[in-house]
Amino acid sequence: MFSIEQVTYKNILSVPKLTIQEKEITCIVGESGSGKTTLLRMLNHLISPDQGSITFQNEDLMDMDPIELRRKVVMLPQTPVIFQGTLRDNLEIGLRFSDKTPPSEKELEETLERVKLRKKLDENAQNLSGGEKQRLALGRILLMEPEVLLLDEPSSALDDETESLIIQTFVDYAKMYNKTLIMVTHSKALAKKFADRILQVRGGEVHEWDH
Ligand SMILES: Nc1ncnc2c1ncn2[C@@H]1O[C@H](COP(=O)(O)OP(=O)(O)O)[C@@H](O)[C@H]1O
Ligand SMILES: [Mg+2]
């Protein structure tokens with residue numbers, strides 16, 4: 001699905017070769033500052049490598065329309081963006097540039113259910129706690145139905161129990177709908193539990209993590 005060859009980015013990341021298979025659940029672990037976020041950002045072309053090539057479905061990322069790419073490869077940043085307005089506004093905004101039919105009331109309700117957010121669609125999103133905002137942003141992504149989900153420490157603002165539940169939800173979702181999931185997590189235990197493959201980033205290099 002992704003193929004990286006001889007890629008470097010500043011003095012931050014250096015990846016001679018890395019392929020990520022379709023439909024796999026890849027967890028990325030590594031110390032803070034090791035380059036995990038930089039790697040994810042490269043995969044949906046938020047940043048461009050200084051050297052080397054990245055392909056997505058055999059097409060060079062640099063030749064693809066970034067908007068088109070980001071419909072297929074959606075990233076949830078570590079600190080998700082919450083827009084002014086209601087929960088409904090925040091769920092629908094991800095579909096603003098898509099040609100999908102707007103979600104029905106039932107789909108919106110189901111999405112809140114999925115991310116364990118027991119709130120009304122018409123509530124003001126600014127009143128949510130940090131963890132709830134993160135779950136709202138996860139819901140927004142689910143509605144976009146991307147082929148690849150890039151999750152950057154999706155659980156850092158969540159308590160342990162919710163963290164496991166949410167990651168389980170995403171893993172089940174990915175398996176059921178044949179999605180590719182690439183997730184940075186600080187928890188090696190969670191990586192071991194859910195990943196098909198674990199990558200460790202250390203000082204800007206990416207290694208298979210044998211566990
Ligand atoms: N645009 C940038 N310019 C310069 N340095 C950066 C930039 N982005 C990240 N860095 C640095 O690169 C390193 C890796 O960052 P990052 O990928 O965010 O690490 P991680 O997600 O593993 O904590 C850090 O030292 C960070 O300060
Ligand atoms: Mg990071």
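Visitor: How many bridges join strand E4 to E5, and do they run parallel or antiparallel?

Guide: Two bridges join strand E4, residues 51-56, to E5, and the strands run antiparallel. Strands here are DSSP runs of E with at least two residues, helices are runs of H or I with at least four residues, and both are numbered from the N terminus. Two strands pair if DSSP finds at least two bridges between them. Please note that this is a predicted model, in which local features need pLDDT of at least 70 and side-chain atom pairs count only at pLDDT 80 or more, while totals for chains, interfaces and linings use all residues. Residues are numbered from 1 along each chain as its sequence is written, and chains are lettered from A and ligands numbered from 1 in the order in which they are written.

Visitor: Which residues face each other there, starting with the bridge partner of Phe56?

Guide: Phe56 has Glu59 of E5 as its bridge partner, and Thr55 stands opposite Asp60 in E5. The two strands form a hairpin with two residues between them, and Gln57 in that turn has a positive phi of about 50°.

Visitor: What is the order of the strands in the open sheet?

Guide: The order is E2-E1-E4-E5, with antiparallel pairing. Strand E2 (13-20) and strand E5 (59-60) are the edge strands, each pairing on one side only.

Visitor: And how many bridges join E1 to E2?

Guide: Seven bridges join these antiparallel strands, and Thr8 stands opposite Ser14 in E2. E1 and E2 also form a hairpin, with three residues between them; Lys10 in the turn has a positive phi of about 45°. E1 pairs with E4 as well, over five bridges in the antiparallel sense, and there Glu5 has Ser53 of E4 as its bridge partner.

Visitor: Changing topic, which residues surround ligand 1?

Guide: Among them are Lys10, Ile12, Gly30, Lys36, Thr37 and Val201, where a residue counts if its C-beta atom, placed from the backbone, lies within 6 Å of the molecule.

Visitor: Which element gives the largest share of that shell?

Guide: Helix H1 does, with three residues. H1 spans residues 36-43 and lies across strand E1 (2-9), E2 and E4.

Methods: Two residues are in contact if their C-beta atoms, placed from the backbone, lie within 7 Å. Axes are lines fitted to C-alpha atoms, for helices over the stretch in contact, and angles run from 0 to 180 degrees between N-to-C directions.
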